[in-house]
Amino acid sequence: MAKSNLPFSAYIAALVLAVAVPLVLLLGYFTYRDFKRSESEAATDVLRSAQLSAARTAGFLRASEEILRKLSQHPRLSALDSRQCGLLLVQIEQLLEYHVNVVTRNAAGKLVCTAVPPKAGLGPPLVSTKYLMAMLRAGKFTVGGPLRSSITGTWVVPLQYPLRDAQGAITGAVVLALDLSKFDEIPSSMALIGGTATRIVTADGILVATSQDPKAAIGRNIRDIDVAGKLLATSVGTVRAFDAQGAEQIYAVAAVPGTDWRVVASTPAEPIFAQSRRDSLHNALVIAALAALVALLSAFLARKLVKAIGNIAEAAAAVAAGDRTVRADPTGPIEIKTVAAQFNQMLDVLDRAEQRLSGIIASAMDPIITIDERQNITLVNAAVEQMFGYSEADLLGKPVSMLIPERSRAAHQQHIRDFARTNATKRAMGHFAQVIGRRAGGQEFPVDASISQMEWAGQRLFTVILRDVTRRIEAENALRASYELLDRIFETTHFCLVYLDRDFNFVRVNQAYANACGYPAGFFPGKNHFDLHPSEEVETIFRNVVATGTPFTIYTNPFRFPDHPERGVTYWDWSLHPLRNEDGGVEGLLFALLDVTERKRSERSNAQLAAIVESSNDAILARGPDRTILSWNAAAERLFGWSAQEAVGQSIDLIVPRERIGQLQPFIERAARGEPVTPVETTHLRKDGTRIPTQITLSPVRDKNGRIVAHSYTVRDMTDIRRNEKALDSYAARLRELSRRLQEVQEKEHHAISREIHDRIGQDLTTLALLFGRFAARFNAEPAGTVRNQLRDMQGLLKSTIENVRDVMAELRPPVLDDYGLYAALRNLATKFSKHSGIPVALVGVDLQPRLPSIVETALFRISQEALNNIAKHAQATKVAISLGEDSQRVVLDIADDGVGFDAITAETLQDGPHWGMLTMRERAEAAGITLRLHSAPGAGTRVVLEVERAAS
């Protein structure tokens, strides 16, 4: 504690302050609390007012949205036909309480209908293309910005809702004009202080509604002229600020859901804090009176106590000056008499303690040195003489620097001066640097030193206790080197190492273990092993090792990482070693693990690979870098006639014709460089000398260092395949030619039949229908109603017959295919399909230029018919997409649906049943030289892709 020269009266004054200051602070606290409570209550009321206005405004907008939604669903309104605007004129009577007008606009912003026509010279109502376009992009109900109404000239806000056609596409909007002069969603009465104001403002700062003079204020932009406009960036909350007149206000901001509007409510701050100020003044007067009373009482006590305490102070000053015989006079109150008696007793005890201390210092094993302020030695014990080799007479009165190397003396002297200025009782001298001692013979050695200071008889003394730490430092250096070596091994080994305490909590893990678990090493300390990797069986093993102190080891133990299920089962060799304390008890565990998953998988893979090689129908052999055969499977024995005993060890030239030796070398080199190598077709020799066509697949075999140690050959006999391919190609060519000719004849026949029906039957039936029509006209004025009805039925029957004949003609040979091409025919087909099946078809494509040959166009059209028929019967689809595209080399027709799909592989093998008739479609495609691809799966829809080459067609 710092030395104080203050009189006792000063402490009495301090006591007065100690009482008065807390009272003043308490007064300040309660004043502050009252101010904050008043502010909080006012802010809550203002915020509740803003939130109420926001909720009411949102409710009104939702009601308006519901009205617009119902209007948008009326078919006459959504038709966007200006001739059908009567609906608006009927329904607007229910809306004019808050709304000026209702209009409809198309997607381009053009006015279609208006319930109330604009006044002369004011232009079309609600011209707001900006807000209309925003609604069209959003595709939902939107609130526009304030505008001047062309009906009333007042400020209005357009409320917009999209109009959609039958397919759901947005075609325009229906718009209500909200009259802001009638908009009263601000609560009319609130239990707040007078002067409270509420405003609704858009994100652009336009005033939509206000509780103060709305007619003059609505429509103004207050962003830069009013504090309320500057608070728009605040989403929700309250704030204190000064308004334009300099009066402090409490503002609250609430967002209107579904819009960019903000409700800003405010109330004056001055009336709120007036009562708090009056209460604070009253409390201040009470506290001042209490402080004066305490001061008077303190003055009375000071006169009674100062004299008695002064007596003890004089005795203490004499003792401090070195007079140990002085004793205090016990006078004054009983408490001060007791202090005087204890002071005298303390002096007696101090005398006895000083005598004992001298004996302890002399017999202490650690060297003890005392120096004065000039850093001269005033006291040493026998241990100092033994450590430094000086006698007591050689040291007393000498500077302590003689015991320190010359290079460290200046720093040591500065250290003692700094320590003296701190007034600290004691501290270690080696806190900032190593302390070095110097013996009488000049030898230097490290020491631990602690220093303390005290004042005695007006003089500052420093006592230093020393200890030679030479051996300890040598041991620490050796131990540190061992730790560094262990740390290096711990962190660099590929083994996963874990140090656990006896309760299986992680103490430390190495990086290999952290990497294996997928966490940083710092994640584990403090966590329990079995919280991360729960296993009752393994936990039993761990507990047994702790209980018995017996190590445990297990090999190829399967394990799944709970946090990494994608790794599957991994395999580990692991061991558990107990770590014992000095008493022999187990205080921890060393857990060492080695991941052998790859080795396990490699062993399994090698076994599987050997079985695959031996059971393969293809010859598989390995050739070394010197062209020596290293392996030879059973299929190789069957193919070449040489047994494994005969072939292994021989040159690969054993099965290679002389003229082909070395021809595979370029492919081998490419494979060695890692380049892709396709199967190579060549010729090999059997044992009997016959040649066989073969196909070879090459791949290099590498060791763990990446060096190529062999090449693997997979040899397939191509004799039967070549023979079958030639026969199949010949048969397919003949079949395609026959099918093409048959289809040409069939199409010509259909064309002729269609022409005959059109030229003969169709014209006759049309003429007959005209004659019956004229015949029926003669009886229009006759009373013979029965005859007219019969003739009318006959006329209808003939018209139906004509339509049926036309349908048959179109099915035999669609005229639109001949006249306008494939794309037009597909469009006609899609339209009829949608009409009959109710399934919408989306068709995209181009007119093919130049057109495909007639037989190819017909085949594409017929296959499209078959595909759509199958969709209608089996697919249960909700939509179909058809695309026709081309480039310079090919034409692609794509037909896709979103139906139930099917197993395409199974369906192509069936001849009947509900499965799309794929064989018929594929035969028609192959006959016309069209490639047909089918993609389908249960629940994934079906896609038919038809592709024809321009050159082939």
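Which residue in S30 does Val-880 stand opposite? In this predicted model, Val-880 stands opposite Asp-897 in S30. The two strands concerned, S29 (residues 880-886) and S30 (residues 890-897), run antiparallel and are joined by 7 bridges.

**The sheet**

These strands belong to an open sheet of 5 strands with mixed pairing, ordered S28-S29-S30-S32-S31. Strands S28 (841-845) and S31 (931-936) each have a single partner strand and stand at the edges, so one side of each is left without a neighbour in the sheet. From one strand to the next, the twist averages 10°.

**Helices on the sheet**

Two helices that pack on the sheet are set out below.

| Helix | Strands touched | Direction angle |
|---|---|---|
| H23 (residues 822-837) | S28, S29 and S30 | about 170° with S28 |
| H24 | S29, S30, S31 and S32 (942-949) | about 10° with S30 |

**The nonpolar cores**

The largest nonpolar core has 44 residues, and Ile-871, Val-880 and Ile-930 have the most contacts inside it. Helix H24 (residues 854-875) contributes the largest share of this core, 10 residues. Another core, of 33 residues, lies apart from it and includes Leu-68, Val-157, Val-174 and Val-263.

**The surroundings of Val-880**

With neighbours within four places in sequence left aside, the contacts of Val-880 include Phe-833, Ile-839, Pro-840, Val-841 and Ala-842. Val-880 is also in contact with Leu-868, Ile-871, Ile-895, Ala-896 and Asp-897. Among these, Asp-897 is the residue opposite Val-880 in S30, and Ile-871 is one of the residues with the most contacts inside the largest core.

Methods: Residues numbered from 1 in each chain as written. Predicted model: local features only at pLDDT ≥ 70, side-chain atom pairs only at ≥ 80, totals over all residues. Heavy atoms only, no water. Core = buried A, V, L, I, M, F, W, Y, C linked by side-chain atoms within 4.5 Å. Buried < 20%, exposed > 50% of the residue type's maximum accessible area, 1.4 Å probe, protein only. Helix = DSSP H or I, 4+ residues; strand = E, 2+ residues; numbered from the N terminus. Contact = heavy atoms within 4.5 Å. Pairing = 2+ DSSP bridges. Axes fitted to C-alpha atoms, helices over the stretch in contact; angles between N-to-C directions.
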